[in-house]
Amino acid sequence: MVGGGAAGLWSALRAAELGARVGLVSRTPLRESASFWAQGGLAAALEPDDSPDLHAADTTAAGRGLCRTAAVRALVEEAPAVVRDLIARGVVFDLDHEGRLALGLEGGHAHRRIVHAGGSQTGRELTSKLAAMVAVQERIEAIERTSALALWSDGERCHGVVTNEGLVGAPATILATGGAAALWRRTTNPRGAIGAGPVLASLAGADLADLEFCQFHPTALAIPDAPHDGALITEAIRGEGAKLLGADGERFTEELAPRDAVTAAILERMRVDGTPSVDLDLREIDPARFPNVFASLAKAGLDPRTKPVPVAPAAHYTMGGIAVDIDGRSSLPGLYAVGECSCTGLHGANRLASNSLSECFVFGSRAAAAALGEEAAASCPEPPEWRFNPDDLARLVSNPYPLARALAASALDRRESRGGHLRRDCPDLDHSLDGIHVVVSPKGTAHHEDWH
C-alpha cells in the first residue's frame, strides 16, 4: 500500500481486517497527509426523500455523458453503509439541533446529502481517526517518511515497490497517492500533488485514462503573489447561502450548478468585467459553521463578515489517472489503485462535489478485498533502474516528464470541449464521444475505449 491519505488508510485497514498483512508506505506521517486538509464531506443518499437512484442521476448529469455506469452504481449504493460504518467506528460527523446528521447541500446535488465534520474540517476528523485505527491494527506496518521511487515490475506484473529505504515485495500493490492538480500554476493542492502514482504505474506497464480532465474549483482565494493565493473556500459555504458577485455587486450565476458550469461563468464574468477575480459574499454566513474558513481568511488579512472576498478558479482535482475497474484492478496484474490517482470512470468529465471522499471508502474496500485474491509470484525480476524524484521540479515542466506527455496526448486526442476539458479550437461537445474514454498505454499512445 502506497499513500497515507484517506484512501490509503482505509484500504490498508480493510485489507488487514480481512486477514492480510499490510505494509503502508507514506511519504509523510499518517496524520499529515493531504487528506487532512480536505474541506468537503462524504456524499451519500441518507435523507428519507433521497435515494441512490437520485444520487446516481446527479452524478451522471455532472459527469457530462462520460460516467461509467457500474462505477456510479457501486458508489451510490454503498456510500450510505460507509457513513454508518464510520460512525460506528467513532468518527464524529456534524449533527443538527435534533441530533440527526446535518446534511449539507453542494453544487450539482438536488438533495442535501453531504456529511461533514466540524463544518469544513472533515479531512482532519477522518484522517486523525483512521490513522489512530491503523496505529493499533497489528497486521499493518506503517512505513512513514518513506517515498516510493518506482514499482517493482517487469512490465508483465507488479511485485511490489522500490522505496528510498529498499524493496517492499507484495503479491498485490495498491496505489493511493493522490492527484496531480499541483502541475497547474494556480492550484488549491499542496506542492506534492504532481501525479506520482500515475507516473509510477505507467512506467511499470499500466494504462492511464481521462488525463485531459482536470476540475477547477470555482472559489479559490484570489490574492496574486500572496501566500494565501489559491486557498480553497469550500463549496459547502455556497450551499448555505454565500453568493457570487460581479464587479457591479450583482449575482451573475447559479452558485450551486456543477463546478464546470460555475467555473465557466466566473471566467466569463472576469473577462467581461476586466478583473482578475469575482467576489464571494459571506456576510450572511455564520462563522461558527465554517470556523477554519473564516480563520484562514483572517490570516490573509480579510474580514468576510464586513466585505466580500476575491475568488477565482484554481486547479483542484484530476478526474483521470490509473485506469482501473470497479475493484481497483489496473491493466498490470498485481497493481491496484484507489482515490484520486485512479480512474474508474466514476466522475466522467466533471466530478460531482464530495463524491471523491465517498469514492475513497467505497472503492478502497473493493480494492482491499480484490487484492487479497492475488498470489505471490514464484520468482521476482530485478528491480527497475528508473527512479521517480518528486523534488526535481524542473522535470515537471519539460517534455520528458512522463505524465506531461500522457496528458498532452489525451488532451490532443479529445477534439471537443466537455466538463473539465475545454479547447478553444474545439469549443463544442461531440455527442459521438459520449461514454468514450481516452486511454494512454505505457508507450504513450492514445486510443479510445467505450466504458458504458
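Trainee: Let's start with Arg113: is it buried or exposed?
Mentor: Keep in mind that this is a predicted model, where local features need pLDDT of at least 70, side-chain atom pairs count only at pLDDT 80 or more, and totals for chains, interfaces and linings use all residues. Residues are numbered from 1 along each chain as its sequence is written, and side-chain values use heavy atoms, with hydrogens and water left out. Buried means under 20% relative accessible area, exposed over 50%, and partly exposed in between, with a 1.4 Å probe and protein chains only. Arg113 has a relative accessible area of 0%, so Arg113 is buried.

Trainee: Which residue forms a salt bridge with Arg113?
Mentor: A salt bridge here is a side-chain nitrogen of Lys or Arg within 4 Å of a carboxyl oxygen of Asp or Glu. The closest N and O atoms of this pair are 2.8 Å apart, and the partner of Arg113 is Asp50.

Trainee: How many residues apart in sequence are the parts that Asp50 and Arg113 tie together?
Mentor: Helices (H or I, at least four residues) and strands (E, at least two) are DSSP runs, numbered from the N terminus. Asp50 counts as buried, at 8% relative accessibility. Asp50 sits in the loop between β2 (42–43) and α2 (52–62), while Arg113 sits in the loop between β3 (103–104) and β4 (114–115), so the parts they tie together are separated in sequence by 63 residues.

Trainee: How many salt bridges does a search of the whole structure find?
Mentor: Some are linked: Glu212, Arg414, Glu416, Arg418 and Asp434 form a network of salt bridges. Another joins the side chains of Asp325 and Arg329, at 2.8 Å from N to O. Over the whole structure, the search gives 30.

Trainee: At what angle do α3 and α9 pack?
Mentor: Axes are lines fitted to C-alpha atoms, for helices over the stretch in contact, and angles run from 0 to 180 degrees between N-to-C directions. The two axes are 8 Å apart, at an angle of about 90 degrees. That makes α3 roughly perpendicular to α9 (65 to 115 degrees counts as such). The angle asked for is about 90 degrees.

Trainee: And which residues does Glu156 touch?
Mentor: Glu156 is in the loop between β6 (148–153) and β7 (158–163), and counts as exposed at 61% relative accessibility. Contact means heavy atoms within 4.5 Å. Not counting residues up to four places away in sequence, Glu156 touches Leu332 and Pro333.

Definitions and conventions: Parallel < 35°, antiparallel > 145°, perpendicular 65-115°, else oblique.
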